[in-house]
Amino acid sequence: MQRQPLPKFVDARKFVAGGMEIHATKQVAELSRFTAGLANTSGSVDVDLRFFRSEQGFKCITGTALSRVEVLCQRCMTAMPICIEAEFNLAIVWTDEQAKALPKSLDPLILGEDEDLVLADLLQDELIINTPFVSYHDDTVCQVFVPEQEVLPVEVVSDVEEGDTPFAILGQLKPRD
Ligand SMILES: [Zn+2]
C-alpha cells in the first residue's frame with residue numbers, strides 16, 4: 001500500500017461526512033512526546049484511519065497505528081526493538097456531557113466546531129498509553145544475562161546436609177590409606 005506522509009491536521013467532521021480514509025506514515029522522530037519514552041528517535045509509525053458515520057449516528061474514527069521503535073531494556077540498558085500498536089475507536093463529540101453518553105465501545109474525542117484535529121497529537125497520546133512501562137530482552141540476547149552455572153554453587157551448598165562440613169565432604173573424596 002502506498003503510504004502518504006501524515007497530514008498535520010484534518011477537518012475531522014468533514015472527513016466523517018465524506019467517508020474519508022487515511023493511510024499514512026509518520027517518522028517517530030517528529031513525535032517528541034512519544035520518543036521521550038524511547039531509546040532513540042529511529043523508526044516510523046504506519047497509520048490507518050477510517051472516518052465514517054455509524055449506524056447510531058455517531059461520527060466515528062477507527063483504525064490503528066503501528067510503530068516499530070526501540071526502547072531501553074531495563075536490565076542491560078541497551079536498545080531493543082519492539083512493536084507498539086495503538087487502536088482507535090473514537091467518536092467526535094462537542095461536550096463532556098455528550099462524551100459521557102457514548103456507548104462503552106467508543107472513546108470520546110472532544111472537538112470544537114471549528115477546531116481541526118491535530119493527527120500527531122492523537123497518535124502520540126495513544127502510542128504513549130500503549131508503551132510498556134518496562135521492557136526486557138529475552139534472556140538469550142540480553143547483555144547481562146546471568147549464565148546458570150554462576151548460580152549453581154549456591155544450590156550445591158544448600159544441598160549439603162546438616163552436620164556435613166566442607167572437610168567431611170573432602171574426607172569422603174580422599175582415598176583411604
Ligand atoms: Zn537487555
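This is a predicted model: local features need pLDDT of at least 70, side-chain atom pairs count only at pLDDT 80 or more; totals for chains, interfaces and linings use all residues.

Reader: Of the 177 residues, what percentage count as buried?

Author: Buried here means under 20% relative accessible area. Of the 177 residues of the protein, the share that counts as buried is 32%.

Reader: Which residues coordinate the zinc ion?

Author: Along the chain, the donors of the zinc ion are spaced as C-x2-C-x60-H-x4-C. The coordinating atoms are SG in the cysteines and ND1 in the histidine, at 2.1 to 2.3 Å. The residues are Cys73, Cys76, His137 and Cys142.

Reader: What is the arrangement of the four donor atoms around the zinc ion?

Author: Ideal angles for four tetrahedral donors are 109.5 degrees. Four donors count as tetrahedral if all angles lie between 85 and 135 degrees. Around this zinc ion the angles are 98 to 126 degrees, so the arrangement is tetrahedral.

Reader: Is Cys142 buried or exposed?

Author: The cut-off for buried is under 20% relative accessible area. Cys142 has a relative accessible area of 6%, so Cys142 is buried.

Reader: What is phi of Met77 near?

Author: Met77 is found in the loop between β5 (59-72) and β6 (79-93), and at 46% relative accessibility it counts as partly exposed. Most residues other than glycine have a negative phi. Met77 is a residue other than glycine with a positive value, near 60 degrees.

Reader: Which residues make the nonpolar surface patch of about 400 Å²?

Author: One member of the patch, Phe133, lies in the loop between α4 (119-129) and α5 (152-159). Phe133 has a relative accessible area of 86%, so it is exposed. The patch is made by Phe133, Val134 and Tyr136.

Reader: Which residues form the aromatic pair, and how many residues apart in sequence are the parts that it ties together?

Author: The structure holds one aromatic pair. It is formed by Phe15 and Phe51, with 5.0 Å centre to centre and 70 degrees between the planes, and is edge-to-face. Because Phe15 lies in helix α1 (residues 12-17) and Phe51 in strand β4 (residues 44-53), the parts tied together are 36 residues apart in sequence.

Reader: Are Phe15 and Phe51 buried or exposed?

Author: Residues under 20% relative accessible area count as buried, and those over 50% as exposed. Helix α1 also contains Ala17, which at a relative accessible area of 70% is exposed. Phe15 and Phe51, in contrast, are both buried.

Reader: What separates the C-alpha atoms of Ala17 and Lys59?

Author: Ala17 belongs to helix α1. Ala17 and Lys59 are 42 residues apart along the chain, and their C-alpha atoms are separated by 8.3 Å.

Reader: Which residues are linked with Arg3 in a network of salt bridges?

Author: The structure holds six salt bridges. In one of them Asp48 pairs with Arg3, the closest N and O atoms being 3.0 Å apart. Asp48 lies in strand β4 and Arg3 in the segment before β1 (4-5), so this pair ties together parts that are 45 residues apart in sequence. The residues linked with Arg3 in the network are Asp46 and Asp48.

Reader: How many residues apart in sequence are the parts tied together by Asp121 and Arg33?

Author: The side chains of Asp121 and Arg33 meet in a salt bridge at 3.8 Å, N to O. Asp121 lies in helix α4 and Arg33 in helix α2 (residues 32-35), so the pair ties together parts separated in sequence by 88 residues.

Reader: Is Lys26 buried or exposed?

Author: Lys26 and Glu30 meet through their side chains in a salt bridge of 3.4 Å, N to O. A relative accessible area under 20% counts as buried. Lys26 has a relative accessible area of 13%, so Lys26 is buried.

How values were computed:
Residues are numbered from 1 along each chain as its sequence is written. Side-chain values use heavy atoms; hydrogens and water are left out. Donors are N, O and S atoms within 2.8 Å of the metal (3.2 Å for Na, K and Ca); water is not among the atoms, so sites may look incomplete. Four donors count as tetrahedral if all angles lie between 85 and 135 degrees; four count as square planar and six as octahedral if opposite donors are over 155 degrees apart and all others between 65 and 115; anything else is irregular. Buried means under 20% relative accessible area, exposed over 50%, partly exposed in between (1.4 Å probe, protein chains only). Patches are made of residues with over 30% relative accessible area and no salt bridge: like charges are joined within 9 Å, nonpolar side chains (Val, Leu, Ile, Met, Phe, Trp, Tyr) within 5 Å. Accessible areas come from the Shrake-Rupley method with a 1.4 Å probe; for residues, only the protein chains shown count as cover. A salt bridge is a side-chain nitrogen of Lys or Arg within 4 Å of a carboxyl oxygen of Asp or Glu. Helices (H or I, at least four residues) and strands (E, at least two) are DSSP runs, numbered from the N terminus. Rings of Phe, Tyr and Trp (its six-membered ring) pair if their centres lie within 6.5 Å; planes under 30 degrees apart count as stacked, over 60 as edge-to-face and the rest as tilted.
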